[in-house]
Amino acid sequence: MGAELLCLGEPMVEFVHQGGGLYRRGVGGDTSNAAIAAARQGARVGFLTALGADRFGDSIMDLWRAEGVDAAHVRRNADAPTGIYFIDPDPEGRFFTYYRAGSAASLMRPDDLPADAIRATRCLHLSGITLAVSPDLRDTALAAIDLAAQAGVSVSLDTNLRLKLWDAETARRVIDGTLERVRIVVTSIEDSLHLTGLGEPEAIGEFYRRRGPEIV
């Protein structure tokens, strides 16, 4: 039986600064977090990505196995690493330092997609980060959205804007270009101020509903 939910994006190994030069290692990535959360609620969940053929990639696969996330369609790339990032405390929140350029996920191409698995799922979930990591991963994500939309599969998009990865103008253009094929949009007031210029929840909801999504 196939996955009810397929998530597409880049999971990464994270190192969170604990002070004194010590870091706690874990696994991050917005779509990976969404996949694990859904699996914990009893959904059948699969993940689409590429990981390095390294120990960091192994640790992510081990986590998904323990959490019940199907990684059968995850590609392992012996020539590219698994992405990592560091988190340092900051008075205004958290400061992120990424090492994901040239990562296995960033090199994914549309031909890497398991088209039959996408057509068979109930919902494809991805995020603004999936669209921002690299041109190759963006093309892959847009191809996955097309496959899902053509098959009548619901598409869920979390805007999750990261201006370290791309500029607001590019983000607006790419996200706006996907909306007519998206059924569910998850966003925030902060994201919407950058992407739409709107800060009131009702206005944000109406903005996205007019562009195609049924659920905001």
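User: Which residues touch the most other members of the largest nonpolar core?

Analyst: Of its 31 residues, Ile 118, Leu 124, Leu 126, Leu 131 and Trp 166 touch the most other members; a nonpolar core here is a set of buried Ala, Val, Leu, Ile, Met, Phe, Trp, Tyr and Cys residues joined through side-chain atoms within 4.5 Å, and buried means under 20% relative accessible area, exposed over 50% and partly exposed in between, with a 1.4 Å probe and protein chains only. The largest share of this core, five residues, comes from H5.

User: Before we go on, what should I know about the model?

Analyst: This is a predicted model, in which local features need pLDDT of at least 70 and side-chain atom pairs count only at pLDDT 80 or more, while totals for chains, interfaces and linings use all residues. Residues are numbered from 1 along each chain as its sequence is written, and side-chain values use heavy atoms, with hydrogens and water left out.

User: What is Trp 166 in contact with?

Analyst: Leaving aside neighbours within four places in sequence, Trp 166 is in contact (heavy atoms within 4.5 Å) with Gly 128, Leu 131, Ala 132, Arg 138, Leu 161, Ala 171, Val 174 and Ile 175. Apart from the core described above lies another core, of 19 residues, which includes Val 45, Leu 51, Val 74 and Ile 84.

User: Val 45 is in S4, then; are the faces of that strand covered or open?

Analyst: Both faces of S4 (residues 45-48) are covered, with Val 45 and Phe 47 buried on one side and Gly 46 and Leu 48 buried on the other. Helices (H or I, at least four residues) and strands (E, at least two) are DSSP runs, numbered from the N terminus.

User: Which way does S1 run relative to S4, parallel or antiparallel?

Analyst: S1 and S4 run parallel and are joined by four bridges, two strands being paired if DSSP finds at least two bridges between them, and Cys 7 stands opposite Phe 47 in S4. S4 also pairs with S6 (residues 69-70) in the parallel sense, over two bridges, where Gly 46 stands opposite Asp 70.

User: And what about S8 and S9?

Analyst: Those strands, S8 (residues 84-90) and S9 (residues 93-99), run antiparallel and are joined by seven bridges, while a hairpin connects S8 to S9 through two residues. Pro 89 stands opposite Arg 94 in S9.

User: Last one: is Glu 202 buried or exposed?

Analyst: Glu 202, which is found in H8 (residues 201-210), is exposed, with a relative accessible area of 61%.
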